[in-house]
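Have a look at the sequence and the model, then read on.

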Amino acid sequence: MPTQRTKTKDEPKQLPIGGLIGEQHITVLLVSIGLRLNRGASAYYREAWNLSMAEWRLLLALKGTHSLNVGELSAVIDLDKAAVSRALALLQKNELVSVQQTRTRGRAAIATLTDEGRKLSAKLLRVSLERQHRLFKSIPKADKAELERLLRQLANALENADWEH
């Protein structure tokens, strides 16, 4: 029978997410949580689907629309245009999106999901919603709704943030 290991008094206690600073600064706590969520998702989507987070976000964004140009995609997924262009190039190479140059919307590159991209994006949406459900399974629905409301309020506050001081 295995023996239980007990901590010695010299062992440091495990720090909370965000460390001691996260206990005093909510921004540190939020960043730490975001980084952990991103690392976990990034590792999963890379291992299971061979996708970066940018590629994953692009596939989900394109799932809900017929086509978008690089600037529109950049705004929809909140990534800079260079990162969007790099991710689109990889998705195009893997035949998940088609990218067409057009003059009807300026000199924009218009991205559209291929049939394979549509199938994959549908799977990714189901998987990502399941992962989200598992994350929140121990949190009451009312608390989850309140968290979403507060995070959206914080996101809106960032739009008008005064960073002079």
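## Getting around the chain

Take the contacts between residues at least 6 apart in sequence: 46% of them join residues at least 24 apart. Contact here means heavy atoms within 4.5 Å. This is a predicted model, where local features need pLDDT of at least 70 and side-chain atom pairs count only at pLDDT 80 or more, while totals for chains, interfaces and linings use all residues. Residues are numbered from 1 along each chain as its sequence is written, and side-chain values use heavy atoms, with hydrogens and water left out.

The chain has seven helices and three strands, and from the N terminus on they run α-α-α-β-α-α-β-β-α-α. Helices (H or I, at least four residues) and strands (E, at least two) are DSSP runs, numbered from the N terminus. Of the 165 residues, 26% are buried. Buried means under 20% relative accessible area, exposed means over 50%, and partly exposed is in between (1.4 Å probe, protein chains only).

Helix 6 covers residues 115–135.

Which residues of helix 6 are buried? They are Gly117, Leu120, Ser121, Leu124 and Ser128. Seen down the axis, these buried residues of helix 6 fall within an arc of 100°, so they line one face of the helix. The arc is that of the directions from the helix axis to the C-beta atoms. On the other side of helix 6, Asp115, Lys119, Arg126 and His133 are exposed. As for packing partners, the buried residues of helix 6 sit against helix 2 (26–49), helix 3 (53–63) and strand 3 (109–113).

Ser128 is worth a look of its own. At 12% relative accessibility, Ser128 counts as buried. Setting aside its neighbours within four places in sequence, Ser128 is in contact with Tyr45, Trp56 and Leu60.

Axes are lines fitted to C-alpha atoms, for helices over the stretch in contact, and angles run from 0 to 180 degrees between N-to-C directions.

| Helix pair | Axes come within | Crossing angle |
|---|---|---|
| Helix 3 and helix 6 | 9 Å | roughly 105° |
| Helix 4 and helix 5 | 9 Å | roughly 110° |

Helix 3 and helix 6 are therefore roughly perpendicular to each other (65 to 115 degrees). From helix 3, the contact is made by Trp56, Leu59, Leu60 and Lys63. From helix 6 come Gly117, Leu120, Ser121, Ala122, Leu124, Leu125 and Ser128. The residues of this contact divide into seven nonpolar, three polar and one charged. Ala, Val, Leu, Ile, Met, Phe, Trp, Tyr, Cys and Pro count as nonpolar, Asp, Glu, Lys and Arg as charged, and the others, Gly among them, as polar.

Helix 4 (residues 70–77) and helix 5 (residues 81–93) cross at roughly 110°, which makes helix 4 roughly perpendicular to helix 5. Val70, Gly71, Leu73, Ser74 and Ile77 of helix 4 meet Lys81, Val84, Ser85 and Leu88 of helix 5. That contact divides into five nonpolar, three polar and one charged.

## Two loop residues

Most residues other than glycine have a negative phi. Asp78, in the loop between helix 4 and helix 5, has a positive phi of about 60° although it is not a glycine. At 65% relative accessibility, Asp78 counts as exposed. Glu95 lies in the loop between helix 5 and strand 2 (97–101), and its phi is positive too, near 60°. Glu95 counts as exposed, at 59% relative accessibility.

Technical notes:
Parallel < 35°, antiparallel > 145°, perpendicular 65-115°, else oblique. Expected span 1.5 Å × (residues − 1).
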